[in-house]
Amino acid sequence: MATTVKLPQTRALGGYALRRTQFNEWFGTRRKQTGTSTKSQSDPHKDKDDGSTNGKDARRLRSVVRESHTILIKARAVFPFQLFPDYLNIDRHKLTIIHRQFWGIEQTVSVPIENIKNVEADFGPFFGSITVTSDLFINNTQTVHFLWRHEAKNIQKLLQGAIVAQREGIDLSKIEIKQLRKMLVDLGSGHTKSMRR
């Protein structure tokens with residue numbers, strides 16, 4: 001009687017153990033296959049040593065990210081005249097304008113420098129405003145009001161110089177930041193100097 005009871009239990013347990021072993025083997029080999037492919041894709045050191053196109057693209061992307069952290073010029077609207085001041089940043093590749101409506105509510109607009117069509121500046125005795133035109137904007141223009149007069153002038157000159165440099169095909173990433181800032185302002189203000197003579 002005892003043997004008849006143990007035999008079905010042993011068979012049932014044996015079948016369960018066999019299925020579990022097969023499942024573990026299948027799942028283990030599957031995990032190894034996906035684990036090695038995932039490791040090769042996500043290994044950050046592989047991109048550095050890899051001479052393929054992906055490695056070059058990753059290095060180029062890292063250098064562009066570093067360059068975007070170097071700000072050529074930034075300005076903020078003057079507080080009492082604009083309750084929630086707008087911001088304007090220019091790096092080597094793009095112009096970013098942040099319009100603030102309330103605490104924690106803002107609209108960010110970015111455009112590559114090569115896509116800027118025109119830069120217009122209006123100056124008063126103390127303040128100035130910058131209007132940038134691009135086909136990438138929804139209404140074609142973005143304006144920042146109540147900038148200090150000297151900041152608005154420098155932004156206009158630097159943007160005009162950057163637009164000219166981009167259209168001439170000059171690589172701005174190769175030039176040191178202080179020298180680049182000075183040269184772009186000088187290039188952008190060249191037309192005003194010639195008109196005064």
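Colleague: Asp-91: buried or exposed?

Modeller: Asp-91 counts as buried, because its relative accessibility is 4%. The cut-offs: buried is under 20% relative accessible area, exposed is over 50%, and partly exposed is in between (1.4 Å probe, protein chains only).

Colleague: Where do these values come from?

Modeller: This is a predicted model: local features need pLDDT of at least 70, side-chain atom pairs need 80 or more, and totals for chains, interfaces and linings use all residues. Residues are numbered from 1 along each chain as its sequence is written, and side-chain values use heavy atoms, with hydrogens and water left out.

Colleague: Back to Asp-91. Which side chain does it meet in a salt bridge?

Modeller: Lys-94, with 2.7 Å from N to O. A salt bridge here puts a side-chain nitrogen of Lys or Arg within 4 Å of a carboxyl oxygen of Asp or Glu. Lys-94 counts as partly exposed, because its relative accessibility is 28%.

Colleague: How many salt bridges does the structure hold?

Modeller: It holds 2. Asp-135 and Lys-117 also form one, at 3.7 Å from N to O. That pair links distant parts of the chain, 18 residues apart. Asp-135 is in the loop between strand E6 (127-134) and E7, while Lys-117 is in strand E5 (residues 116-123).

Colleague: And how open are those two to the outside?

Modeller: Asp-135 has 53% relative accessibility, so it counts as exposed. Lys-117 has 46%, so it counts as partly exposed.

Colleague: Let's zoom out. How many helices and strands are there?

Modeller: The chain has 6 helices and 7 strands. They are DSSP runs numbered from the N terminus: H or I over at least four residues for helices, E over at least two for strands. Along the sequence the pattern reads α-α-α-β-β-β-β-β-β-β-α-α-α.

Colleague: What share of the residues counts as buried?

Modeller: Of the 197 residues, 29% count as buried. The chain exposes about 13900 Å² (Shrake-Rupley method, 1.4 Å probe). Carbon and sulfur atoms supply 57% of that area.

Colleague: Show me a buried residue in a strand.

Modeller: Take Val-109, in strand E4. It counts as buried because its relative accessibility is 12%.

Colleague: What is Val-109 in contact with, leaving aside its neighbours within four places in sequence?

Modeller: Leu-95, Thr-96, Ile-97, Phe-137 and Gln-142. Contact means heavy atoms within 4.5 Å. Ile-97 and Val-109 are 12 residues apart in sequence, with their C-alpha atoms 5.2 Å apart.

Colleague: Where do Phe-81 and Phe-146 sit in the chain?

Modeller: Phe-81 is in the loop between strand E1 (71-76) and strand E2 (87-91), and Phe-146 is in strand E7 (residues 141-148). Phe-81 is partly exposed, with a relative accessible area of 47%. Phe-146 is partly exposed too, at 32%.

Colleague: Which residues form the aromatic cluster?

Modeller: Phe-81, Phe-127, Phe-146 and Trp-148 form one cluster.

Colleague: What is phi of Phe-146 near?

Modeller: It is near 60°, a positive value in a residue other than glycine.

Colleague: And Pro-80, where is that found?

Modeller: In the loop between E1 and E2. Pro-80 is exposed, with a relative accessible area of 62%. It is 66 residues from Phe-146 in sequence, and 9.6 Å from it in space, C-alpha to C-alpha.

Colleague: Last one. Trp-103: buried or exposed?

Modeller: Exposed, with a relative accessible area of 63%. Its place is in the loop between strand E3 (94-102) and strand E4 (105-112).

Note on methods: Phe/Tyr/Trp six-rings, centres within 6.5 Å; stacked < 30°, edge-to-face > 60°.
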